[in-house]
Amino acid sequence: MTTDAIAPAGTVRHRPIIMITTMLAASIYSLNLTIVSISLPHMQGTFSATPDQIAWVVTSFIVGMTTMIVATGWMSRRVGRKQLFTLSLGFFTVASLMCGQATTLEGEVLWRFLQGIAGAPIIPLSQAIAIDCYPDAEHGKAIGIWGIGNMIGPIIAPPIGGYLTELYGWPAVFAINLPLGLLAILGSAIFVPANRPVRDQRFDGIGFAMLVVALVSLQLALNRGARLD
């Protein structure tokens, strides 16, 4: 979680809308983590893939998320928390649209990887924005409210994923992100207060590369280790 302090005058007045925006963003991301797994058998049939091949639809998203999340703090200070949050929601929504339009397994895996990269900042930034809506003494309350949105996604994903897949096919599990994503983008662009970017932040490229290699390798081992015996 980033620690930039933002508390312009409009924050308290718009607090309910900001909290709804952060909860919606968190629920979209957590929903996406779970709902795709429901449709994997249908996607496997569409792409004529083996179980091991179709598993890359999930693995690529996790790898993309792991790659980007380690740079979220630096990027939020460099370009501004609101700007990064809004851009992340925007690219995540576009990537969701393209995931639903993919016609090959390679294309699906690529867009899922880009979706993971785009969505990585959503959880830490939405939590940080929610916390900054409240004074220090009420940070626990803010985390609790935000956590409701974060937990809604995994809870509703199985029934919604099964329902959409059976009625409309697996692309529908990505299409559901479009209206929700647009609402979150509008809420962020209009109501989330902006902070001043810090342009002199140095980026440790070597450290970033080593950390990405370590985290991605660990994630691949955990995600595919059992499958590959």
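**Chatting through a helical model**

Student: Which are the buried residues of helix 8?

Tutor: They are I122, I123, P124, L125, S126, Q127, A128, I129, A130, I131 and D132. Buried means under 20% relative accessible area, exposed means over 50%, and partly exposed is in between (1.4 Å probe, protein chains only). Helices here are DSSP runs (H or I, at least four residues; strands are E, at least two), numbered from the N terminus.

Student: And how many of helix 8's residues is that?

Tutor: Eleven of its eleven residues are buried, so helix 8 counts as mostly covered under that cut-off. Before we go on: this is a predicted model, where local features need pLDDT of at least 70 and side-chain atom pairs count only at pLDDT 80 or more, while totals for chains, interfaces and linings use all residues. Residues are numbered from 1 along each chain as its sequence is written, and side-chain values use heavy atoms, with hydrogens and water left out.

Student: Got it. What does I122 touch?

Tutor: Setting aside neighbours within four places in sequence, I122 is in contact (heavy atoms within 4.5 Å) with A25, A26, Y29, F85, S88, L89 and F92.

Student: S88 is in that list. Where does it lie, and is it buried or exposed?

Tutor: S88 lies in helix 6 and is buried, with a relative accessible area of 4%. Not counting residues up to four places away, S88 touches A118, G119, P121 and I122.

Student: Let's talk cores. How many residues are in the largest nonpolar one?

Tutor: The largest nonpolar core has 29 residues, and Y29, F85, L89, F92 and I122 have the most contacts inside it. A nonpolar core is a set of buried Ala, Val, Leu, Ile, Met, Phe, Trp, Tyr and Cys residues joined through side-chain atoms within 4.5 Å.

Student: Which helices supply it with at least two residues each?

Tutor: Helix 2, helix 4 (56–69), helix 6, helix 8 (122–132), helix 9 (139–168) and helix 11 (177–191). Helix 2 gives the most, with seven residues. There's also a second, separate core of 16 residues, and among them are L31, V36, M43 and W170.

Student: How many aromatic pairs are there?

Tutor: The count is four. Rings of Phe, Tyr and Trp (its six-membered ring) pair if their centres lie within 6.5 Å; planes under 30 degrees apart are stacked, over 60 edge-to-face, and the rest tilted. The Y29 and F92 rings have centres 6.1 Å apart and planes at 45 degrees, so that pair is tilted. Y29 lies in helix 2 and F92 in helix 6, so the pair ties together parts that are 63 residues apart in sequence. Both Y29 and F92 are buried.

Student: What about F47 and W170?

Tutor: Their ring centres are 5.5 Å apart with planes at 55 degrees, so this pair is tilted too. F47 lies in helix 2 and W170 in the loop between helix 9 and helix 10 (172–175), so the pair ties together parts 123 residues apart in sequence. F47 is buried at 11% relative accessible area, and W170 is buried at 6%.

Student: Which residues do ring pairs link into a cluster?

Tutor: Y29, F61 and F92.

Student: New topic: at what angle do helix 5 and helix 6 cross?

Tutor: The axes of helix 5 (residues 72–79) and helix 6 (residues 81–101) cross at roughly 115 degrees and come within 6 Å. Axes are lines fitted to C-alpha atoms, for helices over the stretch in contact, and angles run from 0 to 180 degrees between N-to-C directions.

Student: Which residues make that contact?

Tutor: T72, M75, S76 and V79 from helix 5, and R81, Q83 and L84 from helix 6.

Student: Last one: what is the phi of S48?

Tutor: S48 has a positive phi of about 50 degrees although it is not a glycine. Most residues other than glycine have a negative phi. S48 is found in the loop between helix 2 (15–47) and helix 3 (51–54), and at 66% relative accessibility S48 counts as exposed.
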